[in-house]
Amino acid sequence: AEDCRLLTRLAETGPARNPESAGAGGSGSLLETVENVWRQIPQATPPAALVKDFAANLRLRIDAGALEQILFHLLANAVDAIRDRRRTEPAHQGEIRIAARTLGRQVRILVADDGCGMDPVVRKRAFQVFFTTKPAGQGAGLGLSIVQALVRKNGGDIHVTSASGKGTAVWIDLLLEMRAARQATAEAVVS
């Protein structure tokens, strides 16, 4: 119970979580948020390739700060997973893919990497508060817990699949901003 209260406080310490105001003034754009977050993440050397596959005008009905936290934790974990895989396979290039597709009034966002992946035991504990596979001092075990709390707080859902040595895929379902739902047929960004 104490872990849940702590997690709730951590998820609420960012900007106000007002889904009605998401997208106002240019915030809530998936493309802008992905690009801003990607620049903040310490990269592996050489950096992993980031492949974006979603409509350039896709806007979500979620506070921009919450979306930024979600993507930061997911992308940072993906970079770490690729870095870990390179320890045993130094020639591994590494690719992280972010895709998004509209499903009616929702959008499904996929963040997938070809990093080290998780075995079934780790996968079952992935959202557990304070659970980490990183060495002491390198991870607090809060990233995926915060992601799950923010996704659920914004009316969404999250799922993870993973296999050791193959990579991890995280699917998030969130509400679309109404304008985005009408413009969902725009051409995709692929880079």
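User: Before we get going, what makes two strands count as a pair here?

Analyst: This is a predicted model, by the way. Two strands pair if DSSP finds at least two bridges between them. So the cut-off to keep in mind is at least two bridges.

User: Then over how many bridges do β2 and β3 pair, and in which sense?

Analyst: Strand β2 covers residues 95-103, and β3 is its partner. The sense is antiparallel, and the count is eight bridges.

User: Which residue in the turn between β2 and β3 has a positive phi?

Analyst: The two strands make a hairpin, with two residues between them.

User: Is β3 largely enclosed or open, and how many of its residues are buried?

Analyst: Buried means under 20% relative accessible area. Strand β3 spans residues 106-113, and it's largely enclosed by the rest of the structure because most of that stretch passes the test: the buried count is six of the eight.

User: How does the reach of α3 line up with what's expected, and what caps its N-terminal end?

Analyst: Helix α3 runs over residues 64-88, and its 25 residues reach 37 Å from first C-alpha to last, close to the 36 Å expected. At the N-terminal end, a side-chain oxygen lies 2.9 Å from the backbone nitrogen of Gly65. The residue supplying that oxygen is Asp63.

User: Is Arg85 buried or exposed?

Analyst: Arg85 is in helix α3. Beyond its neighbours within four places in sequence, Arg85 is in contact with several residues, including His92, Asp114 and Lys166. Its relative accessible area is 15%, so Arg85 counts as buried.

User: And Pro47, buried or exposed?

Analyst: Pro47 is in the loop between α2 and β1. Leaving aside neighbours within four places in sequence, Pro47 has contacts with Arg86 and Gln93. With a relative accessible area of 52%, Pro47 is exposed.

Note on methods
Residues numbered from 1 in each chain as written. Predicted model: local features only at pLDDT ≥ 70, side-chain atom pairs only at ≥ 80, totals over all residues. Heavy atoms only, no water. Helix = DSSP H or I, 4+ residues; strand = E, 2+ residues; numbered from the N terminus. Buried < 20%, exposed > 50% of the residue type's maximum accessible area, 1.4 Å probe, protein only. Contact = heavy atoms within 4.5 Å. Expected span 1.5 Å × (residues − 1). Polar contact = N/O pair within 3.5 Å; in protein donor to acceptor, adjacent residues only side chain to side chain.
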